[in-house]
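Please open the model in your viewer and keep the selection tool at hand. The stops below are meant to be taken in order.

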Amino acid sequence: MAEEDAIVVIGLGRFGSALALELMASGSEVLGIDGDEEIVQAHNGLLTHVVRADSTKEETLRQLSVPDFSSAVVAIGGDIQANILTASLLLKLGIPNIWAKAVSDPHGEILRQIGVKHVIYPEKDMGKRVAHLVRGVMQDYIEIDENFALVKTNPPQEIIGVPLGKSSVRTIHGVTVTAFNRPGEGWSYTTLDTTLQADDVILIAGDVRKVESFSRLR
């Protein structure tokens, strides 16, 4: 395995497993580490390498050549102490890109305090995402930042058949239609001359409340 081009995923629970398998599907090489033999056996053959090991021991990580990796994900969720200690060791080993899962805001704050730059909240983020989908009629919702989101939805009647440059969407609703997908044609970027049809799917970007409000228009 060329470690500089690979990613180590520590903790192969539901989140870690899904992440590792998606990385493999996208062409990355993945070293999976977990302390549970049954979990390790379940991933045998699915990842580039998978080993049973205690990630809270520095010597173990060195033996697995973890310091040679440029990216690592701490996906341990059930043991906060192990999560924090593992992240701390990865920082000590000089891994350039470290992502760590946090199960609560205080947990995430500790990870940031020790130097982890990329703290992720899978359960919290998914809960927020689903909440927005339930409230609106969006097909998908991605929060880019605290107050900015990208939403996949259908165009409301008021902008169908009207060139976007003349629809005043940004002026009236405070959102931007960035792209559209027409059945049989695939995705295209919008221009001022783009005229949307009722069966198009669009991507809109803007303030969280405004894109959610716009998605409710029919």
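The tour goes from a core to a pocket, then to hairpins and loops.

The model is predicted, so local features need pLDDT of at least 70 and side-chain atom pairs count only at pLDDT 80 or more, while totals for chains, interfaces and linings use all residues. Residues are numbered from 1 along each chain as its sequence is written, and side-chain values use heavy atoms, with hydrogens and water left out.

**Stop 1: the core**

Select Val8, Ile33, Val66, Leu90, Leu111 and Val116, which have the most contacts inside the largest nonpolar core, a set of 26 residues. A nonpolar core is a set of buried Ala, Val, Leu, Ile, Met, Phe, Trp, Tyr and Cys residues joined through side-chain atoms within 4.5 Å. Buried means under 20% relative accessible area, exposed over 50%, and partly exposed in between, with a 1.4 Å probe and protein chains only.

Next, colour strand 1 (6–10), strand 2 (29–34), strand 4 (71–74), helix 4 (80–92) and strand 5 (97–101), the elements that give two or more residues to this core. Helix 4 gives the most, with five residues. Helices (H or I, at least four residues) and strands (E, at least two) are DSSP runs numbered from the N terminus.

Now centre on Leu90, in helix 4. Is Leu90 buried or exposed? Leu90 has a relative accessible area of 0% and therefore counts as buried. Leaving aside neighbours within four places in sequence, Leu90 is in contact with Ile10, Leu61, Val66, Ala72, Val74, Ile95 and Ile98; contact means heavy atoms within 4.5 Å. Val74 is 16 residues from Leu90 along the chain, and their C-alpha atoms are separated by 9.1 Å.

**Stop 2: the largest pocket**

Select Tyr121, Lys124, Asp125, Lys128 and Glu143, which lie nearest the centre of the largest pocket, among its 13 lining residues. Helix 6 (122–135) and strand 7 (140–145) each supply at least two residues of the lining, and helix 6 has the largest share, six residues.

A pocket is found on a 1 Å grid over the protein atoms alone, as an open set of points where a 1.4 Å probe fits, with protein on both sides within 12 Å along at least five of seven lines; lining residues have an atom within 4 Å of a point. The volume of the largest pocket is about 510 Å³.

**Stop 3: two hairpins**

Stay with strand 7, which pairs with strand 8 (residues 148–153) in the antiparallel sense over five bridges. Two strands pair if DSSP finds at least two bridges between them. The hairpin of strand 7 and strand 8 has two residues between the strands, and Asp145 has Phe148 in strand 8 as its bridge partner.

Move to strand 9 (residues 175–182) and strand 10 (residues 186–189), antiparallel and joined by four bridges. Here Phe180 stands opposite Ser188 in strand 10. Three residues lie between these strands, and Gly184 in this hairpin takes a positive phi near 85°.

**Stop 4**

Most residues other than glycine have a negative phi. Select Ser65, in the loop between helix 3 (58–63) and strand 4; its phi is positive, near 60°. Then select Ser168, in the loop between helix 7 (164–167) and helix 8; the phi of Ser168 is positive too, near 55°.

Finish at His173 in helix 8 (residues 169–173). Not counting residues up to four places away in sequence, His173 touches Glu158, Ser168, Lys210, Phe214 and Leu217.

Methods. Grid points are joined across faces, edges and corners, and a volume is the space filled by probe spheres set on the points.
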